[in-house]
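User: I have just opened this structure and would like a short tour. Could you take me through it step by step?
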Amino acid sequence: MILRRKSRYVLVEVSCKADLNSSEIKKDVMLSLTKELGGLGRLRAGPKIVWCDSDSRFIVRVNRGYEKAVVLAFAFIKKLGSVRAGFYTLGVSGSIRSLIESCRVV
Amino acid sequence: MRYFDIVKFDVDAALTKRLGYHKVYVVGKDLEICHGTEGLPGPKIVLGWDPGVLARSLKQPDVVGMVFEGKELNRKLIEKAAELEKNVFVPIRNLLSYDIGERVYEMRRVGDVVAACHKLGARAKLITLAEDVADIISVGQLKELSCLFSEDGYALPVFDGGLI
């Protein structure tokens, strides 16, 4: 029997405005995350952007147990494309709904 | 717990709240950074590499803490800060902005300072001293970073009475 893997959701805010729905930006964020976590770390954490608002916030789904590593990795990322940017993690939760409620997103 | 940070640019109240800080002190507005005993009256952080100058400056009543810029740790200086109950601020801006290779050495340096302060009973506090919005981090990130140096959250910048 294959058990469903439990996830954690991390709400991230970018300091600059960007089109977060564009695939290039998402790819860039994931590449930066891979650089910080390492290839193996990224495989284990399994981060995936599951929600973006239009300009500065997005939610990343990660495997449970690796959310702290992902939160710290975002602190070290200082570029988005060619623009200098900071990534702030505003909250971590077990479901998107509770994350949105606790951080009052949307 | 209520956390604070010290930065070099004007942070708006909304961002401060979103990041989870109780207060973000702005250098030049809420406090000054000086390189000795000189400077305007008001809360100050003394910054420098000369242990003698730093130790003398710490005796001033309006100096709330120090930032040691030297590479070699000075045990007597940390003991002095502990004796006078002054903060030892440890800036992490370089740590956050350096590339992975340089970050390892900076991490070791910050870790050494935090460990020495912990051992000698001084109050070490990690601050970003951010120069723009890209340098600042949220409280959640600061907590994870402080866990790298001390698992009990000893180096977190928590209010413990007074201005800082």
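User: To start, how many helices and strands are there in chain B?
Analyst: Please note that this is a predicted model. Chain B has six helices and seven strands.

User: What pattern do they follow along the sequence?
Analyst: Chain B reads β-α-β-β-β-α-β-α-β-α-α-β-α along its sequence.

User: What box do the C-alpha atoms of chain B fill?
Analyst: Along the principal axes, the box is roughly 40 × 35 × 30 Å. The radius of gyration of chain B is 15 Å, which agrees with the value near 15 Å for a compact globule with 164 residues.

User: And what percentage of the residues of chain B count as buried?
Analyst: Of its 164 residues, 37% count as buried. As for contacts in chain B between residues at least 6 apart in sequence, 47% of them join residues at least 24 apart.

User: Let us look at one strand. Which residues cover the two sides of β1 in chain B, and are they buried or exposed?
Analyst: Strand β1(B) spans residues 4-7, and both of its faces are covered. F4(B) and I6(B) lie on one side, D5(B) and V7(B) lie on the other, and all of these are buried.

User: In what sense do β1(B) and β2 of chain B pair?
Analyst: The pairing is parallel, over four bridges, and strand β2 of chain B covers residues 23-26. Within β2(B), Y25(B) is the bridge partner of I6(B).

User: Changing topic: how many residues does each chain give to the contact between chain A and chain B?
Analyst: Chain A gives 16 residues and chain B gives 14. On the chain B side, α1 (13-19), α4 (93-97) and α6 each supply at least two residues.

User: Going back to α6 of chain B, at what angle does it pack with α3 of chain A?
Analyst: The angle is about 105°, and the axes are 9 Å apart.

How values were computed: Residues are numbered from 1 along each chain as its sequence is written. Chains are lettered from A and ligands numbered from 1 in the order in which they are written. This is a predicted model: local features need pLDDT of at least 70, side-chain atom pairs count only at pLDDT 80 or more; totals for chains, interfaces and linings use all residues. Axes are lines fitted to C-alpha atoms, for helices over the stretch in contact, and angles run from 0 to 180 degrees between N-to-C directions. The radius of gyration is taken over C-alpha atoms; the globule rule is 2.2 Å times the number of residues to the power 0.38. A residue is buried if 20 or more other C-beta atoms lie within 10 Å of its own, exposed if 12 or fewer, and partly exposed in between; C-beta atoms are placed from the backbone. Two residues are in contact if their C-beta atoms, placed from the backbone, lie within 7 Å. Two strands pair if DSSP finds at least two bridges between them.
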